[in-house]
Amino acid sequence: MSLKPINDILGVLEQQAKWQADPLALILQSWAEVVGAVAAIHSRPLSMQRDVLRVATSSAAWAQNLTFSRQTLLLKLNTKLSMSLVDIRFSTAGWQKPKDLFKPPTSVSPQEHPSYLGDISSSPPVRKPTEQTVNQVFESWAKERQARSQSLPLCPQCQCPTPPGELQRWCVCALCSVKQSSHQGTRNT
Ligand SMILES: [Zn+2]
């Protein structure tokens with residue numbers, strides 16, 4: 001009797017023990033091989049519950065698509081990984097974009113905090129020009145508005161810059177004319 005078969009059996013048992021401890025890790029490892037490279041981008045094994053594998057998909061279409069080939073995938077997983085899965089459930093629940101997955105749990109950086117005042121060395125280079133541009137646009141708009149209103153005649157009642165058309169019509173600004181008409185008879189001087 002040679003030792004080889006025993007070693008083989010031991011090896012298999014050892015592997016099985018390892019997989020039973022963390023079968024999901026094993027599935028994840030060979031997932032792309034089982035479903036294919038494209039489908040692997042749009043699906044991710046989430047958990048195993050009583051020999052049912054739960055897989056998150058990027059869209060409902062992918063869940064449907066993969067559900068159709070469920071039996072083939074089951075067979076592949078069970079033979080390839082010597083597992084005894086009975087079903088695979090595909091759903092969009094629990095799907096996260098790969099980008100989010102690799103994000104550290106503390107996702108709020110100091111720069112993102114509303115109270116953050118800015119740091120010369122570590123502030124993101126993209127943000128500053130954007131803010132400056134926004135400020136510049138607002139400033140020029142405010143200046144233009146101010147200049148325009150300064151050239152306007154003032155309402156004799158409230159001293160606000162008023163379009164000449166309004167003064168021609170009501171002798172006061174539109175706002176004051178509304179106030180006057182709502183207080184009929186009580187004319188202010
Ligand atoms: Zn007025």
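Buried residues (under 20% relative accessible area, with exposed meaning over 50% and partly exposed in between, using a 1.4 Å probe and protein chains only) make up 22% of the 189 residues in the chain. This is a predicted model, in which local features need pLDDT of at least 70, side-chain atom pairs count only at pLDDT 80 or more, and totals for chains, interfaces and linings use all residues. Residues are numbered from 1 along each chain as its sequence is written, and side-chain values use heavy atoms, with hydrogens and water left out.

**Overall layout**

- The chain holds 9 helices and 3 strands, which are DSSP runs numbered from the N terminus (helices are H or I with at least four residues, strands are E with at least two).
- Reading along the sequence gives you the order α-α-α-β-β-α-α-β-α-α-α-α.
- Take the contacts (heavy atoms within 4.5 Å) between residues at least 6 apart in sequence: 43% of them join residues at least 24 apart.

**The zinc site**

- Four cysteines coordinate the zinc ion through their SG atoms, namely C155, C158, C173 and C176, at 2.2 to 2.4 Å.
- Donors here are N, O and S atoms within 2.8 Å of the metal (3.2 Å for Na, K and Ca), and sites may look incomplete because water is not among the atoms.
- The donor spacing in sequence reads C-x2-C-x14-C-x2-C.
- C158 and C173 link distant parts of the chain: C158 sits in the loop between α7 (127-150) and α8 (164-170), while C173 sits 15 residues away in the loop between α8 and α9 (174-182).
- C158 is partly exposed at 30% relative accessibility, whereas C173 is buried with a relative accessible area of 6%.
- For comparison, the ideal angle for four tetrahedral donors is 109.5 degrees.

**The nonpolar core**

- A nonpolar core is a set of buried Ala, Val, Leu, Ile, Met, Phe, Trp, Tyr and Cys residues joined through side-chain atoms within 4.5 Å.
- The largest one has 21 residues, of which I27, W31, V35, L53, L77, I88 and F90 touch the most other members.
- At least two core residues come from each of α2 (23-35), α3 (37-41), β2 (52-57), α4 (60-68), α5 (70-80) and β3 (87-91).
- The biggest share is that of α2, with 6 residues.
- Leaving aside residues up to four places away in sequence, F90 touches W31, V55, T57, A63, L66, T67 and L73.

**Hairpin and backbone details**

- β1 (residues 43-49) and β2 run antiparallel and are joined by 6 bridges; two strands pair if DSSP finds at least two bridges between them.
- Across this pairing, S47 stands opposite R54 in β2.
- The two strands form a hairpin with 2 residues between them, and R50 in the turn has a positive phi of about 50°.
- Most residues other than glycine have a negative phi.
- D51, in the loop between β1 and β2, has a positive phi near 65° and is partly exposed at 36% relative accessibility.
- S82, in the loop between α5 and β3, has a positive phi of about 40° and is partly exposed at 42% relative accessibility.
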